Amino acid sequence: MSWEPVITALEIVLFPGFLFIFCYALFCEWVDRRIFARLQNRYGPLYTGWKGILQPLADFIKLLAKEDITPGAADKAGFTATPILFLTIPMTLMFLVPVLGPRAIAAFEGDLIVVFFMTTLINLVVFIGAWSATNRFTVVGGMRSALQMLSYEIPLGLAALGPAVLAKTLCISDIAQWEVEAWKSFLAHPTPLGVVTAVVLAFGFALFTLGELAELEKIPFDIPEAETEIVAGWHTEYSGKKLALIRLGMDVELIFGASLMTALFLGGPSGPWPIPPAVWFIVKTLLCVVLISTLRALFARFRIDQVVRWMWKYYVPLAVVYMIAIQALAVVI
Amino acid sequence: MSVPEDHLKVVEDLKKAVGAENVLEWSIPRERRIFVRVKTEKLRDSVRHLRDVGFKHVSTISGVDTGDGIDVVYHLARGGVSLALKVRTDYEGKLPTISDIIPGAVLYEREVHDLFGVVFENHPDLSRLILPDDWPEGVYPLLKKWKIEDLRRRLMGSG
Amino acid sequence: MGILTWARTRSPWLLHFNAGACNACDIEVLAALTPRFDLERFGAILKGSPRHADVLVVTGSVTRQVKDRLVRIYEQMPEPKFVVAVGSCACAGGVFQRCYNVYEGVDKIIPVDAYIPGCPPKPEAIIDGVVKLLKKLGY
Amino acid sequence: MGEEFLVPIGPQHPALKEPENFMLTVDGEYVVDVRARIGYNHRGIEKAMEDRTYIQNLYIVERVCGICSDSHMTCYVQCVEEAMDLEIPERAEYIRVIVAELERIHSHLLWLGVAAHEIGFDTLFFYIWRDREVVMDLLELISGNRVNYAMPTIGGVRRDITPEMEKELRKGLKILYERTEYYKQICLNEKTILQRAVGVGILTPRQAVELCAVGPTLRASGIKSDVRADDPYIAYDRIPFEVVTYDWCDVAARVMVRIDEVLEAIKMIEYCLDHMPRGPIRVKVPVMMKVPEGEVVSRVEAPRGELIHYLVSRGGIKPYRYKIRSPTLGNIPAVCEMLKGGYIADVPIVLAAIDPCFSCTDRIVFYDVGKDKRWVWTHEQLRRYGIEFYKRNRGEVR
């Protein structure tokens, strides 16, 4: 009776699986809120647990215990399905990203395409949830999030495809591995070609971060839940357990975005020998979360039409130019 | 306090424009303050004349319950000078609107209607403004006949 | 049920409602969230929708017009919910007592858990009020 | 023309610090019509003032509005003094100007922070409100309370400004000057702010005059009108200051007018401190004083615009009739014009741009553009195309 299935089962449940994602998501929310607060010259959560680290956990448990109201006019199916889907999709996507070792648990050829399909699915789910809540604010919020999704989805995809084309594979784990070797060989003997690829990839990283900001609906792209205009956007009507799931879903989406950034651009969870890959993964994703959080604190919120116009006028052409550069490099390498 | 000539000139011009007998009384207590009382029929002509002379800004319109009728006071302003144009009307009386001469006045007319019951003819929209939706019709709180106690008993009781 | 009370007292989400106040108390409630006082240290965030909120912070003596809005907002909030009346107007009508359009005090309309007197109460007093409410719930 | 889609903003809404309810008829992201219903704050102040003595009324007038409490106080006290023909010492006049200008700084900084919050720039909101604490400390130093400072009273001022306070004041003002300069730079070239403010909520000078707009909203449309300059009261005729106007006619202009007014206010306070005459700060007045018969109109430049009080007294110890018109009401027809044709996303910032203070405004209410009633004087016919939205949701407000 080989131990293989038991280990993978354990892996799924425990380490790079649900428990780890749950704790790490809450930890990242704490990091995000603290940095956001520190940039605004104030403390942020301080008294729950050491330096407020248990604050997201307290919020989560409290929401679970609250009364869960479904508005009378809402259609029950869409309304209850949304939070569950909103959490499970990012959770499953986490298994496509290498965390423990160089290979992710469920890595297979073409999982990058699956990732993009699922992220678009999230927005669809959000729209259904907003529409089924029949509250005016949610409907306008849902429309906005769909509108915004249309504008950032393609450039985000292009930015992510960059490394895939260079690595000549569509499996995220392989891309991460290719990057590690490329990096090692570059360090061994730096060639001008290597410098060019590094610059292009860095440019791709910037494009991808911008896309991630829009996907995670963080300021300056948090229009779908613009607090001052439409109360709380598409999740105005959710409360209690449903809201807890949605907030957790957002956190998991945050760390998924960050881990995707590390896997595609920063070489995944591998690093110099003494530190185990898992720790490298945490260090790199934290770096990305800190980056997102600082960007979040520096900007005002754009208007939806500005976002759409700005995306199509600058962001898409940039992504196309980036792709051309990548193709040229691919031919040379 | 010396009475500045240009204030006198304003009153003279108004008398010329509206007819001296229609300007019932006027007083200039201090610099930059003019009080004029005009016959009710001459209200619109005086407002139109004053606007052409430069009193384009309506600061506000106040109602005063003088016991035997309601004084409606139009506070017009030209730069620093504030002119109070007073017109007498009786309870539930009718006054022509001036919102077509000075559009900014439409709000103030609605308040006077809400709180004093003066009806402004062909006013674009004389619906309820300041008082709550469930305020009983015909009760105009700022009239002297309504004491606060019975207003409270009548409202809070039913409120 | 230690964990539940622990969670409930560690993350009181506020919803601010101005029931006819002269907005002196409102700017003090807002000042309590800014860097110098920073209520977020206790985990308190200002939330936009009644569905998300636990603590309803009401300022101002309730005017007739705003009464049914206040009741509707209160009903929209999920259980367990608490109400904090900020300012002497919200506690008992304040300087606008015996005005014809005013219910003197929030507790004539909805049950109130904590009163913060003062006209307006200083941000420190508001924070003290919120912390006392949390202690009452077993902080 | 299809059914429009009504989006209620308020009465409980994070953007509005006060209960007012604007029913926006929208069409996709465009605002087609505005129907406002205020009256939530109407506390019946004028009726209450009619059966309280002049001294008791001091406490009510101060609480008409929490942010411009000193303007209401100065206006009321000035009104009663004029009715009683009472001369107040010159030092009291200077102290009243200092407190009035400090309140202008506090009100404008507060507004600037809230405006930044409206467009989602929370960091700037927190920074500005942190620096606003400097003004609040100065006010607390002079009057003992952060809000509702109760400095003016009938016959002069309640508390004097001692030399130590003066030193403290000058230090605080210097910090404020630097910080406001820094925020002016931010607002001028921070792209994300400009994008949300330039060209938004346009009010042409002709509209501004015709709709009787007041204060910074009027001055941002290029019209030089300020009660402190045109109709100087207390010590404003002896203090050199410059009326700030911009002619961009949009939200960005209103931001800049208010920032420059803060800088101007700081200079005025420093001038007052340098030229403060000696002497008493108050003239004794009997508590149950009788005001001779007569009527007085008193005007003050509150942070939000021209504030007018009108007193009719029949020679008793209580005012026969006391009328208050707050500046925000003057700007409401103007804001209605600005909102039409804009985006939902612009509504909070355009609304905030007139710095509405509905606690004062609830003296009078709002101007109602009925969707189905075309008005004789509504200017241009609105561009209308409706998409069919169902309206069955239960939240349909009456």
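This report describes selected parts of a predicted model, moving from a sheet in chain C to the cores, a helix of chain A and a set of strands in chain B.

In chain C, four strands form an open sheet in the order β1-β2-β3-β4, and their pairing is parallel. The edges are formed by β1 (14–18) and β4 (114–116) of chain C, each of which pairs on one side only. Neighbouring strands of this sheet are turned by 20° against each other on average, direction ignored. Strand β2 (residues 55–59) of chain C is joined to strand β3 (residues 82–86) of chain C by five bridges, and within this pairing Val55(C) has Phe82(C) as its bridge partner.

Two helices of chain C lie across strands of the chain. Helix α2 (residues 24–31) of chain C lies across β1, β2 and β3 of chain C and runs at about 140° to β2(C), while helix α5 (residues 123–136) of chain C lies across β2, β3 and β4 of chain C, at about 165° to β4(C).

The loop between α4 (88–92) and β4 of chain C holds Val112(C). With 18 other C-beta atoms within 10 Å, Val112(C) is partly exposed, since a residue counts as buried at 20 or more and as exposed at 12 or fewer. Leaving aside neighbours within four places in sequence, Val112(C) is in contact with Val83(C), Ala85(C), Val106(C) and Asp107(C). The C-alpha atoms of Val112(C) and Cys91(C), which are 21 residues apart along the chain, are separated by 9.0 Å.

The largest nonpolar core has 206 residues, of which Val58(C), Val84(C), Ala85(C), Val86(C) and Val350(D) touch the most other members. Helix α4 (residues 90–118) of chain D gives the most to this core, with 16 residues. A second, separate core of 81 residues includes Ala25(A), Phe208(A), Leu264(A) and Phe302(A).

Phe208(A) is among the buried residues of α8(A), which also include Thr197(A), Leu201(A) and Gly204(A). This helix, residues 192–215 of chain A, has 24 residues that should span 34 Å at 1.5 Å a residue, and the 35 Å between its end C-alpha atoms agrees with that value. After α8(A) comes Glu217(A), whose phi is positive, near 50°.

In chain B, strand β4 (residues 70–78) has seven of its nine residues buried, so it is largely enclosed by the rest of the structure.

| Strands paired | Sense | Bridges |
|---|---|---|
| β3 (residues 57–65) of chain B and β4(B) | antiparallel | eight bridges |
| β4(B) and β5 (residues 81–89) of chain B | antiparallel | nine bridges |

Technical notes:
Residues numbered from 1 in each chain as written. Chains lettered and ligands numbered in written order. Predicted model: local features only at pLDDT ≥ 70, side-chain atom pairs only at ≥ 80, totals over all residues. Pairing = 2+ DSSP bridges. Axes fitted to C-alpha atoms, helices over the stretch in contact; angles between N-to-C directions. Contact = placed C-beta atoms within 7 Å. Expected span 1.5 Å × (residues − 1). Core = buried A, V, L, I, M, F, W, Y, C linked by C-beta atoms within 7 Å.
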